[in-house]
Amino acid sequence: MNISHNATNQEFTAGSGDQQAELAYSLPAAGVIDFVHTFVPEAQRGQGIAEALAQTALGYAREQHLRVRTSCEFMASYVQQHHQQYADLLAK
């Protein structure tokens, strides 16, 4: 699966056109990334696309030494399910 990072639009995307999945974020403070919205087109749900976006985005946060916030319900759930792997990234 090809995932792209568009820093200008603050999003990670997979797919194209009307079949594009996205994970949007904001940078609310220095050294902090907040994952604010995840969307996967209905026809593509259940294929692991949101999880792949989450893994890529969290990997980016780790590489950039960013603390993570999860305003997005999906991302909050994902990080909680994989807490041991991502606990060190979470913003206090």
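Predicted model: local features only at pLDDT ≥ 70, side-chain atom pairs only at ≥ 80, totals over all residues.

Reader: What makes up the chain, and how do you know what counts as a helix or a strand?

Author: Helices (H or I, at least four residues) and strands (E, at least two) are DSSP runs, numbered from the N terminus. By that rule the chain has three helices and five strands, in the order β-β-β-β-α-β-α-α from the N terminus.

Reader: How do you know whether the radius of gyration agrees with a compact globule?

Author: The radius is taken over C-alpha atoms, and the globule rule is 2.2 Å times the number of residues to the power 0.38. For 92 residues a compact globule would come out near 12 Å, and the chain has 12 Å, so the two agree. The C-alpha trace spans about 35 × 30 × 20 Å along its principal axes.

Reader: Why is D88 said to form a salt bridge with R62?

Author: A salt bridge requires a side-chain nitrogen of Lys or Arg within 4 Å of a carboxyl oxygen of Asp or Glu. The closest N and O atoms of D88 and R62 are 2.6 Å apart, so the pair qualifies. This pair links distant parts of the chain: R62 lies in helix α1 (residues 49–63) and D88 in the segment after α3 (83–86), 26 residues apart. By this rule the count is one salt bridge.

Reader: Why are D88 and R62 called partly exposed?

Author: Buried means under 20% relative accessible area, exposed over 50%, and partly exposed in between (1.4 Å probe, protein chains only). D88 has 43% and R62 has 33%, so each falls in the partly exposed range. Across the chain, buried residues make up 35% of the 92 residues.

Reader: What about D34: why does it have no salt bridge?

Author: D34 sits in strand β4 (residues 32–39) and is buried. The nearest side chain of opposite charge (Lys and Arg count as positive, Asp and Glu as negative; His and the chain ends are not counted) is R69, 5.4 Å away. Contact is a separate label (heavy atoms within 4.5 Å). Not counting residues up to four places away in sequence, D34 touches A24, Y25, S26, P28, R69, T70 and S71.

Reader: What makes the phi of H65 and of Q10 worth a remark?

Author: Most residues other than glycine have a negative phi. Phi of H65 is near 60°, and phi of Q10 is near 50°; both values are positive, in residues other than glycine. H65 is in the loop between α1 and β5 (67–70), while Q10 is in the loop between β1 and β2.

Reader: Are H65 and Q10 exposed or partly exposed?

Author: H65 has 68% relative accessibility, so H65 counts as exposed. Q10, at 25%, counts as partly exposed. A7, in the loop between β1 (3–6) and β2 (11–14), is partly exposed too, at 49%.

How values were computed
Residues numbered from 1 in each chain as written. Heavy atoms only, no water.
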